[in-house]
Amino acid sequence: MAVEGGMKCVKFLLFFFNLIFWLCGLALIVVGILVQVALHKTLMISDATASGAPIVIIAIGVVIFFIAFFGCCGAWKENYCMVTTFAIFLSLIIIVEIAAAIAGYVFRNKVSAVVQDSLTDMINKYNSSTTEFKDSVDQLQEDLKCCGVNSSSDWKNFGLDKNTVPDSCCVNVTENCGVGAMTDPTKVHQKGCHDAVEALLKKNIMWVIVAALVIAFLQIMGIVFACCLMRGIRSGYEVM
């Protein structure tokens, strides 16, 4: 027996919300990937805790596609079992999203120490690393217009003269522009990369938190609609 009246409206609202969930899943995957890239590819942060929140967000985005299937089919076919499965899975996802948001907020307080250690490690490995690694460090310094961890002096072991920095530290990047120019503010950026990287990471982490909480709110509305539809379907069975 098909649902009637207000329950029919709830049925179509639940179907519509599942289309939104598909978009939410895509948004979560995109946000998670962007943050993961910012943490590891561009910045090469090696601390494993930095990956926690974005990896969870990406996983949730993928799972939402499957959960939305149960919601769409269950709502359209008015299948009590599928709608119930949808509501249960969505409730579990909300719990995981809240956990990811909390993890992101907690990691936010560790950013400064992680950035300090990771940038120091990058500088120490620079001379003995691959070309790809060096290019990544150089790109970071050029993009953020910084040099070293806290100042250009952090590159003191880069050259034999203790006064040379990578060319990417230069105000105007040209070949060998960093030779003997470590402390020359007209040629080399004196500000370290720590503060700039920390600000960038905090901004990305906040995007993860905001995305998780906003989508969790939408999903709560979906659960409410699902419960209402479940009640309507069960009432229809009882009438029969």
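Helices here are DSSP runs of H or I spanning at least four residues, numbered from the N terminus. On that basis, the chain of this predicted model reads α-α-α-α-α-α along its sequence.

**The whole chain**

Begin with the entire chain displayed as a cartoon. Six helices and zero strands make up its secondary structure. If contacts between residues at least 6 apart in sequence are drawn, 70% of them join residues at least 24 apart.

**Helix 1: Leu19**

Select residues 6-42, which form helix 1, and find Leu19 within that helix. Leu19 has a relative accessible area of 37%, and is therefore classed as partly exposed. Leu19 and Ala68 are separated by 49 residues in sequence, yet their C-alpha atoms lie 7.5 Å apart in space.

**Helix 5: Asp138**

Move to helix 5, residues 131-144, and select Asp138 there. Now show the surroundings of Asp138: with neighbours within four places in sequence set aside, Asp138 is in contact with Tyr126, Pro166 and Ser168.

**The loop between helix 5 and helix 6**

Follow the chain into the loop that lies between helix 5 and helix 6 (194-239), and select Lys162. Lys162 is not a glycine, but its phi is positive, at about 60°. Its relative accessible area of 48% is the reason why Lys162 counts as partly exposed. Asn176 is placed in the loop between helix 5 and helix 6 as well. Asn176, also not a glycine, has a positive phi of about 65°. As background to both stops, most residues other than glycine have a negative phi.

**The largest pocket**

For the last stop, select Thr120, Ile123, Asn124, Asn127, Val149, Asp154, Trp155, Lys156, Asn157 and Phe158, the residues that line the largest pocket. The space in this pocket comes to about 190 Å³. How many residues of each class occur in the lining of the largest pocket? Colouring by class will show four nonpolar, four polar and two charged residues.

How values were computed:
Residues numbered from 1 in each chain as written. Predicted model: local features only at pLDDT ≥ 70, side-chain atom pairs only at ≥ 80, totals over all residues. Heavy atoms only, no water. Helix = DSSP H or I, 4+ residues; strand = E, 2+ residues; numbered from the N terminus. Contact = heavy atoms within 4.5 Å. 1 Å grid on protein atoms, 1.4 Å probe; cavity = no way out; pocket = protein on both sides within 12 Å on 5 of 7 lines; lining within 4 Å. Points joined across faces, edges and corners; volume = space filled by probe spheres on them. Nonpolar A, V, L, I, M, F, W, Y, C, P; charged D, E, K, R; others polar. Buried < 20%, exposed > 50% of the residue type's maximum accessible area, 1.4 Å probe, protein only.
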